Amino acid sequence: MSQEIVLEVKDLSVDINVPAGTLHAVSNLSLHVKKGETLCIVGESGCGKSIASLAIMNLLPRRASLTAKTLALEGRDLLSLSEAEFSNLRGDRIGMIFQDPMTSLNPVFRIGNQLEEVYMEHGKGNRKEARERAEYLLEKVGIVAPKERLSQYPHQLSGGLRQRMMIAMTLMCDPALIIADEPTTALDVTMQAQTLNLLRSLQKEFNTGLILITHDLGVVARMADRVMVMYAGYAVEIGTAVEVFDNPNHPYTRGLIDCIPVPGRRKPGSKLGSIRGIVPALVGDIKGCTFRNRCDFSITQCADEIVALKELGKGRAFRCILTPEERKTTLQNPGITQ
Amino acid sequence: MNQLNSQSNNGNIPALECRNVSQTFMIKSGIFAEKQPLKAVEGVNLSVNRGEVIAIVGESGCGKTTLAKMLLGLLPPTTGEILLDGIPINSVSILDIARKVQPVFQDPYSSLNPRKTIKSIISLPLKVHNIGTEIEQKNRVEEYMRLVGLPNRLIHSYPNQLSGGQRQRVAIARALIMEPKIIVCDEPTSALDVSVQAHILNLLQDLRKKLNLTYAFISHDLAVVEHLADWVAVMYLGRLIEFGKATDVFRDPKHPYTQALLESVLTPDASLGLPEITLGRGLPNPLSPPSGCYFHPRCPKSSTECSEKSPLLKKEKNYSIECHLYN
């Protein structure tokens, strides 16, 4: 696997103007994706994971404003691109897969037309070549009788097939990076595993970088090379999947993992772990750690400063004043800052 | 109502029983096409005792929600009988059914009326059944809000001012206020975040112990099911293909479909890769189900027998399965 960096983001912040003030949707986010690598961004709704991906693709709503030190795809600076240049980039170098394939496919055009359009729009070749590429990719995504499928409309396909079509469509121009936002949330469990398998094998085969955005820790654990946990607009923990799941450094990550029922791990009938409280409002000035009101280990200093990301080397980092060892020795004093 | 209550304390009668329940819809597949029968639920037999949780699992389109509607008395079964405490559901009025069975739906964003306050949403069943004065109703609403963990200050709020977890608590309070015996939960946590899901699942478990409730829990998430259920009913294309104690089914699933479903569960264990599922494409068209065993086109263990003959139901005590492998 080549170690070439496909996407580099440094200090990305997204602010959205809302009637009540400024909403800090994403704060100082830095990330990179290498060729053939899967980065999973995980977090609960409202943590900024989708906004971050929209920012990378320059698809933010008008009210939102973006600041970043670096935003580069394959070494090319994206911050200086015009809207037209960006439009050329999307679908060509960056592919996107969204949650609900029915809303991302046009219901009045045949599947074939939609796949070919991507190819021809980006000047990759004529209709005949586009059709050949579409048939080739449909076979790749495991669709039997691709010729017939290409002449069908989206409503004639099942949810799982539609999502395969979306995967084929994103691969039409052989992108450097695929951003998949909750690609399997709308699918059944059985289809989920198959679709993820497919996405993973194709991504490795085409040596594409993949950013997978999801709230499902099960998907993250099985798919990710590296994981980034987001909370209230901040990256709170980064590391390889094995490290983050086996040895979480941030109390939020620990809490999230404990929330999931795992077959065979707990006695049925016993209680699940849970995180108390709710996600804070992100409007106005943010002071201190955004997680402190829900954290069992919070101390007075948590309210004072915005916690910096602590680098542990080898791409491992977390955002907490205390180290896991220090938290163990700290007296549990829930609610000190409430 | 009296008739219903008179037998409810008898321990031998299951709280909920389905006897050979089927539901057939007549569907038109085109403007000029003849109506065709679609068997949404076919010959389902199950029974649950008071205070137990039965989980109904399967892929979308397997008939689990249709079954839930029938349990709630919203849809009379085409054939077969549903019994609540031994009383056939079709012999009592819908209001009496509502006193015994209440639903909690998937999406707390669409199941609550956005124009009503929390108080009037939770107290609506009391108003419909003409129970108590205005003040008594308010007291009861406050009592149930406490029970489900909603702060009292929200009583005059509207649903859009509440978080998803709080809304689902409102839905649970509304379901409980009539003191029903059975709660039908249709994917109660699939629209919620993981941390909120844990809160709601813990709440459901507490309430079950406190109020001795019976749950019919419909879900596609087997991890959630394993956590909560005493019994598991696996449905495929309208048929109940495996039914048994949750511990048995999860430890040793017999039906190839149940095995595949269990393998598909993605546990947060980073050392494991993605499971290789050989189930192929999705559900077949329910308007023209496959011959023989409905599952044979997707089954990794199918033989010629499977495509020719329907499997017989093999019934043991506390367990049943429909598969040629075990006939």
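A residue is called buried if 20 or more other C-beta atoms lie within 10 Å of its own, exposed if 12 or fewer do, and partly exposed in between, with C-beta atoms placed from the backbone. The structure shown is a predicted model, in which local features need pLDDT of at least 70 and side-chain atom pairs count only at pLDDT 80 or more, whereas totals for chains, interfaces and linings use all residues. Residues are numbered from 1 along each chain as its sequence is written, and chains are lettered from A and ligands numbered from 1 in the order in which they are written.

View 1. Helix H5 of chain B runs over residues 134-147, helices (H or I, at least four residues) and strands (E, at least two) being DSSP runs numbered from the N terminus. Its 14 residues reach 20 Å from the first C-alpha to the last, close to the 20 Å expected at 1.5 Å a residue, where the expected span is 1.5 Å times one less than the number of residues. Within H5(B), the buried residues are B:Gln137, B:Val141, B:Tyr144 and B:Met145. Because these buried residues fall within an arc of 105° when H5(B) is seen down its axis, they line one face of the helix; the arc is that of the directions from the helix axis to the C-beta atoms. An α-helix has 3.6 residues a turn, so residues three or four places apart point the same way.

**View 2. The surroundings of H5(B).** The buried residues of H5(B) pack against helix H4 (118-128) and helix H6 (164-176) of chain B, two residues being in contact if their C-beta atoms, placed from the backbone, lie within 7 Å. On the face turned away from the buried side, H5(B) carries the exposed residues B:Ile135, B:Glu136, B:Asn139, B:Glu143 and B:Arg146. Just after the helix, B:Gly149 takes a positive phi of about 80°.

**View 3. B:Ile121 in helix H4 of chain B.** B:Ile121 lies in helix H4 of chain B and counts as buried because it has 22 C-beta neighbours inside 10 Å. When residues up to four places away in sequence are not counted, B:Ile121 touches B:Leu112, B:Asn113, B:Lys116, B:Val170 and B:Arg174. B:Leu147 is 26 residues from B:Ile121 in sequence, and the two are 16 Å apart in space, C-alpha to C-alpha.

**View 4. The two domains of chain A.** Chain A is divided into domain 1 (5-93 + 173-329) and domain 2 (107-167), with bounds that come from an automatic or database domain assignment. The C-alpha centres of these domains lie 31 Å apart, and 12 residues of domain 1 are in contact with 12 residues of domain 2. On the side of domain 1 that touches domain 2, H8(A) gives the largest share, 5 residues.

**View 5. The contact between chains A and B.** Chain A gives 39 residues to the contact and chain B gives 37 residues. The elements that give two or more residues to the chain A side are helix H8 (189-206), helix H9 (217-223), helix H10 (241-246) and helix H11 (251-259), and the largest share, 9 residues, comes from H8(A). The residues on this side of chain A divide into 21 nonpolar, 12 polar and 6 charged, where Ala, Val, Leu, Ile, Met, Phe, Trp, Tyr, Cys and Pro count as nonpolar, Asp, Glu, Lys and Arg as charged, and the others, Gly among them, as polar.
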